Structures are given as C-alpha cells and as structure tokens.
Amino acid sequence: MRDSTLTWFSWGLTLFLAFISLGSLFMSHIVIIGIFSWIIIFIVLIIIAGIIYLIHRNTQIRLAWLICGFLAFLTLYSVRSYHKVYSPWRFTFSNVPLSVELPDKLWQTKEKVAVRTGEENQFAVVGATALAQGIFDEMSYEEFITQVIEATSGSEIPPDFHLETCFNAEFECNYIKITDIKNSSGTGYFAFLNDDKNTYLFSVIAGPKFLTKNRDFPLQAISSVQRE
C-alpha cells in the first residue's frame, strides 16, 4: 500500500508542477501567486490524509483521491481567477461623466486616469477631460493638440500628424495619433468626442511593447467610451 500511495503522490506532484509551469505561460503573476498560496493547503491536506489513513486503514479514504480532488479544485480555482482578472470592466472617470471599458483588472485606477504598468515600455494610460464650450470656434483640433504638446513637453509635432475619424456610438469622434511623445517614449491617441452640448478630450498613451501586444486597444478604448 505504501508503494501505491507513493506512486499516486509522485504522479500528483508531477501533474501539479506541470500545471504550474504551463499556467505561467498564460496567467499573470497575480494568479500564479494565488495558486502558490494554495500549496500550503495542499500540504495540510496531505498531513490530514496521512493521519486519517494511519488511524483508519480500512476506510475508503485514500491519499490519491485527495490529491486528484485537490488538483481538480485547483484547476477550477485557476480558471475562475483567470476569468476574474482578465474579464473586461468599466472604469468611470471622476472628473467627467464618462466611462471606458478596460480589458482586464490589472489597471490601477486613480481619480482622473487609469494606468497599466509592466516592464519597460509596456505601460498604458487612459484619461479624459471636458473642454470649454466654443473652444474650437477659433482653432482647429490640430492647433489645439499642438499647443498642448508644446506646453507640456516642448516636443515638435511629427510630419505625419493629421486628424482621422473614429467610431463611437454616442459621440461624433475624431482623433489624432502622435508617435514618440517626448518624456514618455509612447504613442498618444487623442480623441475629440462631441455631442450637442459638450466636447471631451479622451487620451490613450501607450508604450511600444504594450501596443505590440495590444495593437487594437487604443481605438477599441475610444469606441467604448460612454456617458454616465
């Protein structure tokens, strides 16, 4: 019986380590940390199973079944954790009555912006602000962004700087894309959202590595903006 139990234990431990190794390729560090926290419970289950087996050798309780049950529970828990972390959600800005859909819960939210951090050049920031009424009666979108960029960073506008249309179900939408923003090494998407009463400036600034993995995120974020 000891050899059989040891065999099942070895197989269970092997499957567990393989599961962790494979999961690390697809799950975030937060989920992996959560999984490893259950190792303590796993060890406790083994100790309890050993005590029960020593006291009641003739019962149907076996260490192998506890290992298999724990692996099944761990799998379900990991799927739930993955879905919880990587399911989209809406972030509502505190300074304007707007919300945006974010793809996962790895974003850090502040009063006026939401920030996604990571390794070098994997950052992303979304923000929104209300613009004064009639501001574009005297200047164009391009002139406005030019003044903002010059005032905040002093950088010059790239030659391919131009206005493009974008889709949003609730607003008339136009955006400007600026590459290599000074002091951020990121690409900026500045969307002008207009309705009958207000004009909002919605911005997405993302690093090159973030855009490589999430190429469609800026325009998807712009199209997901809603009134609140």
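Reader: In this predicted model, is Phe192 buried or exposed?

Author: A residue counts as buried when its relative accessible area is under 20%. Phe192 has a value of 0%, so Phe192 is buried.

Reader: What geometry do the rings of Phe171 and Tyr200 have?

Author: Their centres are 6.0 Å apart and their planes meet at 85 degrees, so this pair is edge-to-face. Phe171 lies in the loop between strand S6 (163-165) and strand S7 (172-181), while Tyr200 lies in strand S9 (residues 199-206); the pair therefore ties together parts 29 residues apart in sequence. Phe171 is buried at 6% relative accessibility, and Tyr200 is buried at 6%.

Reader: Which cysteines form a disulfide, and what is its handedness?

Author: In general, a disulfide is a covalent bond linking the sulfur atoms of two cysteines. The whole structure contains one disulfide by this search. Cys166 and Cys173 form it, with their sulfur atoms 1.8 Å apart. The torsion about the S-S bond is about -85 degrees, so the disulfide is left-handed. Both Cys166 and Cys173 are buried.

Reader: Which residues have the most contacts inside the largest nonpolar core?

Author: A nonpolar core is a set of buried nonpolar residues joined through side-chain atoms within 4.5 Å. The largest here has 28 residues, and those with the most contacts inside it are Val100, Val126, Leu193, Phe202 and Ile222. At least two residues of this core come from each of strand S2 (98-102), strand S5 (124-131), S7, S8, S9, helix H5 (208-213) and helix H6 (217-224). S9 gives the most, with four residues. Another core lies apart from this one; it has 12 residues, among them Leu131, Tyr141, Ile149 and Ile176.

Reader: Which residues does Leu193 touch, leaving aside those up to four places away in sequence?

Author: Leu193 touches several residues already discussed, including Phe171, Cys173, Tyr200, Phe202 and Ile222. Phe202 also forms one aromatic cluster with Trp89, Phe91 and Phe93.

Definitions and conventions. Residues numbered from 1 in each chain as written. Predicted model: local features only at pLDDT ≥ 70, side-chain atom pairs only at ≥ 80, totals over all residues. Heavy atoms only, no water. Buried < 20%, exposed > 50% of the residue type's maximum accessible area, 1.4 Å probe, protein only. Phe/Tyr/Trp six-rings, centres within 6.5 Å; stacked < 30°, edge-to-face > 60°. Disulfide = S-S within 2.5 Å. Contact = heavy atoms within 4.5 Å.
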